[in-house]
Amino acid sequence: MQGFGSTIFAEMTGLAVEHGALNLGQGFPDTDGPREILDAAKAAIDSGRNQYPPGAGVPELLEAVAAHQRRFYGIELDPRREVLVTVGATEAIAATILALCEAGDEVVTFEPYYDSYAASIALAGAVRRTSVLRFPDFAVDEESLRAAFSDRTRLVLLNTPHNPTGKVFTRDELDLICRLAQEHDAWVVTDEVYEHLVFDGLAHVPISTLPGMAERTLTISSAGKTFSVTGWKVGWVSGPAEAVAAVRTVKQFLTYVGSGPFQPAVALGLGLGDDVYAGLTRSMQDKRDVLVSALRDIGLPVAVPGGTYFVVADVAALGATDALDFCRALPSRVGVAGVPVSVFHDDVDAARTLVRFAFCKQDDVLREAAVRLSALR
Ligand code: PMP
Ligand code: GLN
């Protein structure tokens with residue numbers, strides 16, 4: 001793991017704390033999720049659910065994940081064989097790659113990529129092959145994606161809605177990924193942790209619902225984003241039974257089990273009404289609009305995100321030439337933290353002056369951040 005120092009999130013949160021800056025760097029909400037699930041976690045602790053849960057996850061959560069996939073996407077899963085609970089999506093990603101890849105196998109993914117992808121691929125001794133998504137529209141380039149595939153391709157690691165760009169992959173882009181995965185007989189591992197943070201009436205389309213894909217797709221999600229409880233670390237992976245069993249084998253020796261009393265609370269959360277899900281999306285879309293207009297007001301080109309709680313802006317207009325330097329100085333300069341997109345790239349030049357800001361913060365925090373950023377004009 002040489003070359004993988006501390007994560008950019010740890011670095012920028014450290015600087016934010018040191019300088020008392022508003023932390024629009026690390027993506028975590030500053031308000032907790034629905035009262036019902038917080039109470040359910042307390043009740044689970046008080047009722048003695050504090051020892052090791054079952055290896056695959058508590059039955060009510062396995063069933064709740066299956067019911068959620070049926071309710072929102074019409075996906076049918078056998079909760080006992082086709083769902084596995086993990087310690088956040090992070091463990092699901094690592095365990096899935098470790099389960100599917102032998103050393104030297106290739107993983108196709110897009111850059112910028114969420115940082116744990118590169119690390120998990122390295123842990124498996126696999127090789128990363130990427131296709132660049134370019135600011136401001138972050139469209140998939142067919143030629144470069146095709147070129148990333150080879151006869152060593154084992155899996156495609158997809159993330160939609162996409163961190164850090166906020167991109168929601170279009171149906172045409174998903175169809176292209178399906179065609180290439182099928183041509184190369186590759187698995188698709190899809191990270192859908194932002195599945196409920198999709199704006200402007202766009203729909204989240206799980207790639208496993210496209211023709212011929214259910215049998216070659218493992219779908220990952222997590223409670224952290226949907227219910228604003230990022231510290232609970234309850235995630236899950238679902239898909240064909242044999243592949244889920246392989247992931248379970250790896251998971252046994254990474255963490256064995258995790259998050260005991262939070263699992264029944266998340267099960268309750270997944271069953272909450274449509275109004276709860278819609279309310280979360282609406283409130284996050286409003287926050288997006290606040291931050292996008294603040295960034296535009298100071299003259300920055302912005303890629304308006306269709307999903308997630310991140311927005312990418314080009315800070316070249318402020319005279320910056322390197323986003324990493326810019327972000328290291330920002331907390332002490334104006335009291336705001338962001339994250340340089342370049343650290344999520346192999347091709348650093350593709351994002352030399354791009355900065356990601358998180359808008360999952362209270363409205364007055366966003367407004368104050370806008371005031372502070374305007375000092376940069
Ligand atoms: N995937 C993506 C794209 C993320 O942004 C994150 C960060 N929250 C994760 C996975 C990790 O999720 P978790 O906190 O559930 O491990
Ligand atoms: N997923 C969050 C982000 O992208 C934070 C993850 C982390 O701190 N590792 O900001």
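Residues are numbered from 1 along each chain as its sequence is written, and chains are lettered from A and ligands numbered from 1 in the order in which they are written. Because the model is predicted, local features need pLDDT of at least 70 and side-chain atom pairs count only at pLDDT 80 or more, while totals for chains, interfaces and linings use all residues.

**Domains**

The protein chain is divided into domain 1 (8-33 + 275-374) and domain 2 (35-271), with bounds from an automatic or database domain assignment. Their centres, taken over C-alpha atoms, are separated by 24 Å. The contact between them draws on 32 residues from domain 1 and 31 residues from domain 2; two residues are in contact if their C-beta atoms, placed from the backbone, lie within 7 Å. On the side of domain 1 that touches domain 2, two or more residues each come from helix H11 (274-297), strand S10 (310-314) and strand S13 (354-358). Helices (H or I, at least four residues) and strands (E, at least two) are DSSP runs, numbered from the N terminus. H11 gives the largest share of that side, 6 residues.

In an unreviewed UniProt entry, the annotation "domain: Aminotransferase class I/classII large" covers residues 22-372; such positions are given in the numbering used here, feature names are shortened, and annotations may be inferred rather than shown by experiment. This span is 40% helix and 17% strand, and its end C-alpha atoms lie 9 Å apart.

**Sheet**

Seven strands form an open sheet of mixed pairing in the order S2-S8-S7-S6-S5-S3-S4. Strands S2 (83-87) and S4 (127-132) are its edges, each pairing on one side only. Two strands pair if DSSP finds at least two bridges between them. Strand S3 (residues 106-111) and S4 pair in the parallel sense over 6 bridges, and Val107 has Arg128 in S4 as its bridge partner.

**Ligand shell**

Around ligand 1 there are 14 residues, the closest being Gly88, Ala89, Thr90, Asn163 and Ser222; a residue is near a molecule if its C-beta atom, placed from the backbone, lies within 6 Å of it. Helix H4 (residues 88-100) supplies the largest share of this shell, 3 residues.
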